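Subject: Structure for you to look at

Hello,

Here is the structure I said I would pass on. Please open it first, and then read the notes below it.

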Amino acid sequence: MENKGTYNNRFVKARELKSAKIPWDGYRIKKEAMGIGYKICFYSLIAGLCFVILYPMLKLFPLVVGEMSDLGNPDVIWIPKEFSLLSFKAAFKIAMGGSIMGLGISLLYALSIALIQVFMSAMAGYSLARIDFKGRNIIFALVVLTFLVPPQALLISQYLHFKQFDIFGLITLLNGSTIDLINQPYVLYILAFLGFGVKQGLFIFIFRQFFITMPAEFEEAAVIDGCGFYRTYFKIMFPNAMPPIMTVGVLSFVWNYGDVYYTNYFHPDGPYLSVVLQRLFGPEQREKINSILFDQFNVFLTSQLTFDATRQAALLLFLIPLIIVYFIVQRHLVESLERSGIVG
């Protein structure tokens, strides 16, 4: 009984000490003030960044979902008086001809280029990471140089090469002259196969950084099981490279889908939606777009604002596939970025 009473007394005293108020000294005041100040700065920074990101979208909202007759009305700032999808209907008709065929072609092009870049970049990255050969470091330095140097610096040489395309003089020997590949769709695929596609130097770097961190035991076990070099790569190494595959695949798809640099120079007459939008909604096309709005959509008061509303609606339609891709893969993409060579 005495032991139990002693234990109870100690428990009560411990609770009293725990609940006793500790006097506020200068150190605690300073620590609490610093914590509050840190939280204020942190949340202010987050709020500022959110405002910078969302402000253009908030200004865009009444422009594309309101009546075109209300454009320029000083009473309409954030919320339109009447909601309307006329700008989207006009953009769909003007930019896509009332069909999603152009959008489908652009998506198919971006997907096919992304698959090629993933396949070729993975092989190049694996070779630079796991195969010891003379000049490997020099080649890797040149790969890094390709995404550090602006693409404009390589444009003239690439353009002339495809303008007068020849392979070690064989085409001239067989055909009598070089051939012109400019404005042909397979030029973009050739660039991707040879490692000079959109940002492909960065993709090779990502794969190289990932493969260089993989344990050598994988390859040793494959050799013991009787796998050759190619079987080891395709059966063991490549399937285990899902983080960089996901990262490179998404980045390649997004950048090729919205590319206007390579497509404009090497295939300017192509059906890519990014090029079509740039060509249709240039500043010199304002009168043409406004006349279409007047003739086909009964927009009687056309101006720069009606042209801007149609153009912004077309851009939003163009971005819909990217938004869908983001919501589908964003969780896996974040995990892949953490595990890929970007942070290595």
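**Pockets**

Helix 5 (136–148), helix 6, helix 9 (200–211) and helix 13 (261–266) each give at least two residues to the lining of the largest pocket. Helices here are DSSP runs (H or I, at least four residues), numbered from the N terminus. A pocket is found on a 1 Å grid over the protein atoms alone, as an open set of points where a 1.4 Å probe fits, with protein on both sides within 12 Å along at least five of seven lines; lining residues have an atom within 4 Å of a point.

Before going on, note that this is a predicted model: local features need pLDDT of at least 70 and side-chain atom pairs count only at pLDDT 80 or more, while totals for chains, interfaces and linings use all residues. Residues are numbered from 1 along each chain as its sequence is written, and side-chain values use heavy atoms, with hydrogens and water left out.

The largest pocket holds about 300 Å³ of space, a volume being the space filled by probe spheres set on the grid points, which are joined across faces, edges and corners. It is lined by 17 residues, and P151, G197, V198, K199 and Y262 are the closest to its centre. The lining has 9 nonpolar, 6 polar and 2 charged residues. In this count Ala, Val, Leu, Ile, Met, Phe, Trp, Tyr, Cys and Pro are nonpolar, Asp, Glu, Lys and Arg are charged, and the others, Gly among them, are polar.

The second largest pocket has about 240 Å³ of space. Of its 13 lining residues, Q158, H161, F162, L191 and F196 are the closest to the centre. Helix 6 supplies the largest share of this lining, 5 residues. The lining has 9 nonpolar and 4 polar residues, and no charged ones.

**Cores**

The largest nonpolar core has 32 residues, of which Y257, L273, L277, F281 and L293 touch the most other members. Such a core is a set of buried Ala, Val, Leu, Ile, Met, Phe, Trp, Tyr and Cys residues joined through side-chain atoms within 4.5 Å. Buried means under 20% relative accessible area, exposed means over 50%, and partly exposed is in between (1.4 Å probe, protein chains only). A second, separate core of 19 residues includes F162, F165, Y261 and F266.

Apart from neighbours within four places in sequence, F281 is in contact (heavy atoms within 4.5 Å) with I94, A95, I289, F307, T310, R311 and A314.

L316 lies in helix 16 and is partly exposed, at 22% relative accessibility. L316 and V64 are 252 residues apart in sequence, with their C-alpha atoms 9.4 Å apart in space.

**Salt bridges**

There are 4 salt bridges in the structure, each a side-chain nitrogen of Lys or Arg within 4 Å of a carboxyl oxygen of Asp or Glu. One of them joins E219 and R130, with the closest N and O atoms 2.8 Å apart. E219 is in helix 10 (residues 217–224) and R130 is in helix 4, 89 residues apart. E219 counts as buried, at 18% relative accessibility.

D180 and K163 also meet in a salt bridge, at 3.0 Å from N to O. D180 is partly exposed at 38%, and K163 is partly exposed at 34%.

Regards
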